[in-house]
Amino acid sequence: MFNPEITLKEHDEARQGEALVLENDKNVSNSRKLYIESYGCQMNFADSEIVASIMMEMGFTTTGHYKEADVIFINTCSIRENAEQRVRNRLKEFSAAKTRKPDLIIGVLGCMAERLKAKFLEEEKLVDIVVGPDAYRDLPNLIGSVDDGNKAVNVLLSREETYADISPVRLTSNGISAFVSIMRGCDNMCSFCVVPFTRGRERSRDPHSIVKEVTELSENGYKEVTLLGQNVDSYKWTSEDGSEFVNFAGLLERVALVNPDIRVRFSTSHPKDITDEVLYTIAKHENICNYIHLPVQSGNSRILELMNRTYTREWYIDRLDAIRRIIPDCAVSTDIISGFCTETEEEHQDTLSLMDYASFSYAYMFTYSERPGTPAAKKLKDDVPDEVKGRRLNEIIAKQQQSSRAELEQQLGKVQKVLVEGFSKKSDKDLCGRNDYNAMVIFPVVEGIKPGDYVNVLVERCTSATLIGRIV
Ligand code: SAH
Ligand code: SF4
Ligand code: F3S
C-alpha cells in the first residue's frame, strides 16, 4: 500500500488518523455533522468515502473538527497490534467530547470493529455503534437505533457486497487523484494476516461500474486513478449469463482506454498471481504507470511456506525477472516482515540478499506482530525476541535506504513526465508531483502551470526520498 511520503522507518499504515471533510460543507450549520477519521490501508480510506456518501444521503454534512461533530466515526485497522493501540488512544481523546455533549454518537468502523464485534461495546463504554466493512448500507438503521437510545452493532460479512452503485464522496482528494475499489476481501490465508477475518471472502466488482466511475472521474477533471484490492491480480468477474469474463489484465486495459490522459495505478499485486499478461498490458499502455507494488514479506522459502504465501524465493525472482524483461523501465516496491516465527539469522540474511537482487525503489518494513486468531497465532510460536526482530528490521531498513537512494540516482539527468499535484510541502515557490515510478519530484513554479497538468521535468538532484529538478 504505497505512500512515498513515509520514508524508511518502521511505520504502520500508509496514512493515519486523517480527518475527511468536504470543503464546501464547512459552513452548513443546520444539519447534523459527521466527523470521520481513517486508519490503515487505502481501502479503508476509500471505504470512508462510501460511508460519507451514505451519511450525506441521510442529510449529514462533514466537518474537519471532531469537537463540532454530532457523530464521530473512526474507521479502524487491525493489521498490527500498535495499529489497534493507536485507535484506542484516540477513543480516549474522544471521551472528553462525549462528556461535554452527551448525545454525541461515536461509531467504530472497519477492521477492528469486525475483529472485536460486540465485545467492543463492553471494552470501550463510550462507543455507540460497531459496524464492520460490509455493513455500511445499514448505517441509517444503526444511527436510528442509537437515536432511540440503544447501542447498535452490525458486523455481518457478505459474499456479494462491493458498494458498486454507491458513488464515493471524494473527501481527501486533491481533485486530481482518486482511489477506485475494484474488489473486496481476501481469499489468501497468509498465516500472519488478519485481513481474511476482518474483510471476509474475496469478491470482484462489476467492471462496468468501475469503468463508469473512472469515466465520471475523467469528466470531472481527475488525472490519476489507483485501482485498489488486497490482491488485484486475482480480480475476476463473469457476467450473469456467462458470456463475458474479465480478469485483471482485461480490467486494466478497459480502465486505461477510458482516457489516455488519465494515469492508471493499482495496488496490491501478489507474487503468486501476477501474470505475464498483466505485465504486457502495463507495457502496452503508456498511461498505465511503470510501477508495481509486489510484497515479498521474506526472501527465504521456508519462511514463505510458514507464512503460507504459496510462492518460493525462486518464484519471486522469476516474477522480478519477468517484470524487467517485459517492462524494462519499471519500479518495484515491496513489503517486508522481520522476525516471523522461527526465522533464523541465515533466513534473515536471505531477505537481505533478495533485497540486493531486487533493488526495490521503496519498501514498507515491519516487525512481525502476532494477531489473535490467525493461523500463525494458532500453530506457530512467536519465538523471535523483540530485540532480534528490531535489529533485523534495522538491517532491512539500512539496506532499503541504499537501494532507494540508488534507484533515485538512476533517474538523475533524465527528463520525466510528472503530474503536478500542488505546491511542495516546504515552499510555495516549488511545485510537486509524481513521476511514472511513483517518486515525488519537486521543481520551481513556472507561470501558467497548475495542478493536474503534465510537465516534463529534468531531474538534477535528489535527497534520500525526493527528486529535485526543473521544468524543461
Ligand atoms: N494484501 C497485501 C497486504 C496487506 S497488509 C499483500 O498481500 O501483500 C500490508 C502489509 O502489512 C503486508 O504486506 C505485511 O507486510 C504487513 N503485515 C500484515 N500482517 C502483519 C503482521 N501480523 N505483522 C507484521 N506485519 C504484517
Ligand atoms: Fe493478508 Fe495475504 Fe490477503 Fe494480503 S494476500 S491481505 S497479506 S491474507
Ligand atoms: Fe488494516 Fe483492514 Fe486495511 S486490517 S490494512 S484496514 S484491510
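**Close-up views of a predicted model**

Cys111 has a relative accessibility of 8%, so this residue counts as buried, the limit being under 20%. The model is predicted.

View 1. Helix H3, residues 111-116, holds Cys111. Leaving aside residues up to four places away in sequence, Cys111 touches Thr76, Cys77, Ser78, Thr198 and Arg199. Cys77 in that list also belongs to an annotated site, shown next.

**View 2. Three cysteines under one annotation.** An unreviewed UniProt entry marks Cys41, Cys77 and Cys111 as "binding site". These residues spread over 71 residues of sequence, yet they cluster in space. Their largest C-alpha distance is 10.5 Å. Cys41 sits in the loop that runs between strand S2 (33-40) and helix H1 (42-57). Cys41 counts as buried because its relative accessibility is 17%, and the limit is under 20%. Cys111, in helix H3, is likewise buried, at 8%.

View 3. An oxygen atom of ligand 1 lies 2.6 Å from an N or O atom in the Asp335 side chain. The side chain of Arg309 places an N or O atom 3.2 Å from an oxygen atom of ligand 1. Phe192 contributes through its backbone: one of its N or O atoms is 3.1 Å from a nitrogen atom of the ligand. On its own, ligand 1 has 540 Å² of accessible area, and the protein covers 93% of this.

**View 4. Ser403 in helix H14.** Helix H14 spans residues 386-409 and includes Ser403. Is Ser403 buried or exposed? Its relative accessible area is 10%, so Ser403 is buried. Apart from residues up to four places away in sequence, Ser403 touches Ser359 and Phe360.

**View 5. Gly250 in helix H8.** Gly250 is placed in helix H8, residues 248-256. Gly250 is partly exposed because its relative accessibility is 26%, between the limits of 20% and 50%. Lys236 is 14 residues from Gly250 along the chain. The C-alpha atoms of this pair are 9.4 Å apart.

View 6. UniProt, in an unreviewed entry, assigns "domain: Radical SAM core" to residues 172-406. Over this stretch the chain is 41% helix and 18% strand. The C-alpha atoms at its ends are 32 Å apart. The domain assignment has its own bounds here, with domain 2 covering 177-409.

View 7. The unreviewed UniProt entry lists residues 409-472 as "domain: TRAM". In the domain assignment, domain 1 covers 11-154 and domain 3 covers 415-471. How far apart are the centres of domain 1 and domain 3? Taken over C-alpha atoms, the centres are separated by 35 Å.

Key. Residues numbered from 1 in each chain as written. Chains lettered and ligands numbered in written order. Predicted model: local features only at pLDDT ≥ 70, side-chain atom pairs only at ≥ 80, totals over all residues. Heavy atoms only, no water. Domains from an automatic or database assignment. UniProt positions renumbered as here; feature names shortened; annotations may be inferred. Helix = DSSP H or I, 4+ residues; strand = E, 2+ residues; numbered from the N terminus. Buried < 20%, exposed > 50% of the residue type's maximum accessible area, 1.4 Å probe, protein only. Contact = heavy atoms within 4.5 Å. Polar contact = N/O pair within 3.5 Å; in protein donor to acceptor, adjacent residues only side chain to side chain. Areas by Shrake-Rupley, 256 points an atom, 1.4 Å probe, with all protein chains shown as cover.
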